[in-house]
Amino acid sequence: MDGFARIESTNIRKYLLDPRILRSISRTMTKIVVAMSGGVDSSVAAALLKAQGYEVIGMMMRLWSEPGSEAENRCCTIDAMNLARRMAAQLDIPFYAVDAKDVFRATVVQYFIDSYADGITPNPCLLCNRRIRWEFLLQRALALGAEFMATGHYARVRTENTRHPSSVVGRIELLKAVDANKDQSYVLHVLNQKKLAHAMFPLGAYTKPEVRQMAREFGLPVAERSDSQDLCFLGNGTYSDFLIRNAPGIATPGPILSRADEELGQHNGLAFYTIGQRRGLGIAAPQPLYVIRKDAARNALVVGTVDELGQNELHAHNVNWITGIAPAKPIRAEIKIRYKAHPAWGTVTPLNDDRVHIQFDENLRDITPGQAAVFYVGEVCLGGGIIE
Amino acid sequence: MNRIYLDYAATTPLHPQVLNVMLPYFSTEFGNPSSVHRYGQRADNAVETAREMIAALIGCQPHEVIFTSCGSESDNLALRGAAWAAREQREARHILISPVEHHAVSQTAEQLATLFGFELEYLPIDEFGRVNPGDVARLLREDTAIVSVIHANNEIGTINPIAEIGDICRARGVIFHSDSVQGAAHLPISVSALNVDLLSLGAHKFYGPKGVGALYVRAGTRLHPSQTGGSQEFGLRAGTQNVPYIVGMAEAFKLAQNHLVAHQAQLSALRDHMIGTVLEEIPDAKLTGHPVERLSNHASFVFEGVDGNNLLMMLDVEGFACSSGSACKTGNPAPSGVLTALGLPRNWGLGSLRVTLGRDSTAEDLKSFLNVLPRLVKQSRTIMGRG
């Protein structure tokens with residue numbers, strides 16, 4: 001090991017000795033690939049691992065951007081790539097860029113477009129985590145001889161036994177991050193035991209302010225960089241402009257119907273509305289109307305009053321159980337129906353064909369087909385599936 | 001980790017002797033060669049001595065050597081300068097280059113075509129990336145301003161028949177340029193034998209410093225400067241000369257040319273062993289470039305169904321520094337123009353690997369490289385869903 005002479009921080013010892021991050025594995029010659037983005041989180045993740053004596057390798061994917069908007073892509077512009085490369089150089093770790101444009105376009109972006117065309121509201125980050133970051137990139141990381149791949153996600157893994165991937169006996173659990181505001185276990189619920197065996201989330205035990213503070217102490221120039229917000233491939237544009245350019249058929253107007261099938265007006269294309277939306281319907285009605293559901297088969301937007309809004313149950317398909325095994329009986333759990341939703345109590349009943357039924361204790365206003373329902377018991381993420 | 005450098009065509013380490021002769025010109029001998037006083041005179045003397053050394057080595061007059069900031073700048077000055085002058089002089093608008101030129105030539109020629117109204121035409125090449133002199137004779141026109149053919153290609157190592165092409169151009173009164181940035185590090189350079197009017201050199205390919213190059217300009221060849229300003233370098237390249245680097249370049253070139261024969265014999269033996277082993281032990285592998293007419297230190301391959309960029313990463317992690325035809329540090333690879341020009345399909349062209357040897361390369365280094373390469377190619381194919 002070359003040590004970490006290039007990290008100028010008087011407090012580095014504090015982090016080196018921090019019991020929250022120490023693991024019971026031998027670090028010597030343990031190679032870890034860090035998926036970097038040029039942002040604060042992945043940079044600090046890399047710095048922490050380096051400071052702990054791992055052999056750290058930085059990798060960054062070049063993802064697809066709409067031709068002409070490459071410069072605006074938040075996470076993988078040449079600028080972000082150069083930042084990540086500079087970070088890696090400062091940490092004295094190797095850095096490799098990987099071209100993932102074609103596979104990202106063919107899977108994630110296509111799924112995004114197809115979903116909207118089918119009248120559902122996708123979360124492409126889930127597919128990206130499943131197919132791109134934790135498959136395409138993980139494969140390449142392992143090919144470099146890495147035992148683990150680390151990301152800057154706020155989440156934790158817990159294992160009953162050793163973390164060495166070749167000797168995993170115990171079950172590996174995915175836990176919420178310590179920082180509830182930043183918890184990203186929602187987007188990681190797609191991971192399975194095989195992938196989690198190689199996963200490391202060094203930031204899961206820290207809060208975002210602590211991470212920024214560490215970035216400053218490590219002397220990382222990205223310490224004050226703002227968090228990324230929207231979908232990376234949209235650049236500065238809106239998702240509706242993107243859909244109009246890339247899926248022209250999507251802007252097909254159709255009727256706005258009441259639940260009794262009365263035609264109340266016209267919509268501009270189902271993709272441009274979300275469940276629970278009130279503004280922008282262009283209907284004069286005695287009481288406020290909300291989008292209740294989308295009827296893709298009839299290209300109709302169904303609206304209703306606030307009383308008619310909301311459901312207390314849902315079905316989800318394509319369910320991934322973190323343990324790999326569905327529970328034998330219905331379970332009580334807290335369920336998040338969007339990345340930023342408050343968890344709601346309910347009963348999750350496993351069905352055949354990787355489906356579940358969820359009965360909520362109360363009505364939820366914005367159950368949205370295409371988003372994921374993710375189940376938690378306490379801090380443990382059990383898994384999740386796509387809302388039907 | 002024991003790292004092994006196998007990318008001498010990208011750049012070479014500075015020869016310690018070269019560093020020594022450079023050092024005084026960073027401190028005590030800091031004068032501006034254009035100044036009247038003694039400081040200036042001493043700096044000017046250093047530059048002119050360097051010019052004489054290079055002139056003597058390539059067989060020309062000192063005033064035919066123009067110092068530039070790099071091989072790319074030499075190419076820019078040659079193409080742009082000659083094209084502009086030929087158009088002004090005789091309304092020549094036709095530019096003829098090979099499809100395997102370094103970007104410094106091809107991009108300059110493309111710009112002359114798109115912004116300055118020149119007509120750019122590409123010569124055909126054979127499967128080894130070689131230009132046939134007969135094609136030059138056939139495609140030369142009355143209004144051809146300049147012909148440019150690379151001496152030895154950086155990606156595939158193929159050496160072109162420069163003397164024959166130059167002979168044809170001279171007979172037709174057309175200016176002939178050759179980029180010898182790779183070639184001059186390994187081949188004897190005689191501008192009269194090569195029949196060139198313009199020849200580009202870059203110091204860091206032959207253990208000199210980065211940031212300095214030279215252009216040979218045969219007396220009587222009309223050029224417009226592409227960088228204007230002061231009258232340095234006979235009015236062809238404005239700007240205060242980079243004295244320490246120029247001194248270093250001359251010393252490095254002297255060392256390189258004087259030890260050429262011994263150096264070449266040693267490297268080509270290693271190279272041939274490598275090529276033989278790779279082609280024997282790795283299935284679906286091809287040598288790119290000419291099997292015989294190639295640089296003595298240069299081996300280049302394509303492997304079907306391999307992501308060349310990925311292979312480079314895996315090699316780097318194992319401690320071997322190589323490069324590829326589509327090497328790109330931003331993860332945005334396109335199949336290399338040179339490999340495409342050879343007619344290689346995309347699934348071969350993306351899997352390129354260039355291994356270039358140098359002064360410090362040993363048989364042991366190569367042995368350990370050849371020990372890991374077959375495994376890594378296999379692994380890379382697995383990732384790509386093949387094999």
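Two residues are in contact if their C-beta atoms, placed from the backbone, lie within 7 Å. By that definition, among the contacts in chain A that link residues at least 6 apart in sequence, 67% join residues at least 24 apart. The structure is a predicted model, in which local features need pLDDT of at least 70 and side-chain atom pairs count only at pLDDT 80 or more, while totals for chains, interfaces and linings use all residues. Residues are numbered from 1 along each chain as its sequence is written, and chains are lettered from A and ligands numbered from 1 in the order in which they are written.

## Chain A and its side towards chain B

Chain A holds 9 helices and 17 strands, where helices (H or I, at least four residues) and strands (E, at least two) are DSSP runs numbered from the N terminus. Of the 388 residues in chain A, 45% are buried, a word used for a residue with 20 or more other C-beta atoms within 10 Å of its own, whereas 12 or fewer make a residue exposed and the values in between make it partly exposed.

Ser37(A) lies in the loop between strand 1 (31–35) and helix 2 (40–51) of chain A, and it counts as buried because it has 24 C-beta neighbours inside 10 Å. From C-alpha to C-alpha, Ser37(A) is 39 Å from Asn352(A), and 315 residues separate the two in sequence.

Where the chains meet, 16 residues of chain A are in contact with 13 residues of chain B. Strand 2 (55–62), helix 3 (78–91), strand 3 (95–99) and helix 5 (124–143) of chain A each supply at least two residues of this side of chain A. The residues on this side of chain A divide into 11 nonpolar, 2 polar and 3 charged; here Ala, Val, Leu, Ile, Met, Phe, Trp, Tyr, Cys and Pro count as nonpolar, Asp, Glu, Lys and Arg as charged, and the others, Gly among them, as polar.

## Paired strands

Two strands pair if DSSP finds at least two bridges between them.

| Strand | Partner strand | Bridges | One bridge |
|---|---|---|---|
| Strand 13 (331–336), chain A | Strand 14 (344–350), chain A | 5 bridges | Ala333(A) with Gly346(A) |
| Strand 13, chain A | Strand 16 (372–377), chain A | 3 bridges | Glu334(A) with Tyr376(A) |
| Strand 9, chain B | Strand 10 (298–303), chain B | 3 bridges | Lys286(B) with Val302(B) |

In chain B, 3 strands form an open antiparallel sheet in the order 9-10-12. Strand 9 (285–287) and strand 12 (352–356) of chain B stand at the edges with a single partner strand each, so one side of each has no neighbour in the sheet. From one strand to the next the twist averages 25°. Helix 9 (residues 260–281) of chain B packs on the sheet and touches strand 9, strand 10 and strand 12 of chain B, and its direction makes about 10° with that of strand 10 of chain B.

## Two helices of chain B

The axes of helix 2 (residues 38–58) and helix 8 (residues 243–258) of chain B come within 9 Å and cross at roughly 25°; axes are lines fitted to C-alpha atoms, for helices over the stretch in contact, and angles run from 0 to 180 degrees between N-to-C directions. Helix 2 and helix 8 of chain B are therefore roughly parallel to each other, since angles under 35 degrees count as roughly parallel, over 145 as roughly antiparallel, 65 to 115 as roughly perpendicular and the rest as oblique. By class, the contact of helix 2 of chain B with helix 8 of chain B has 13 nonpolar, 1 polar and 1 charged residues.
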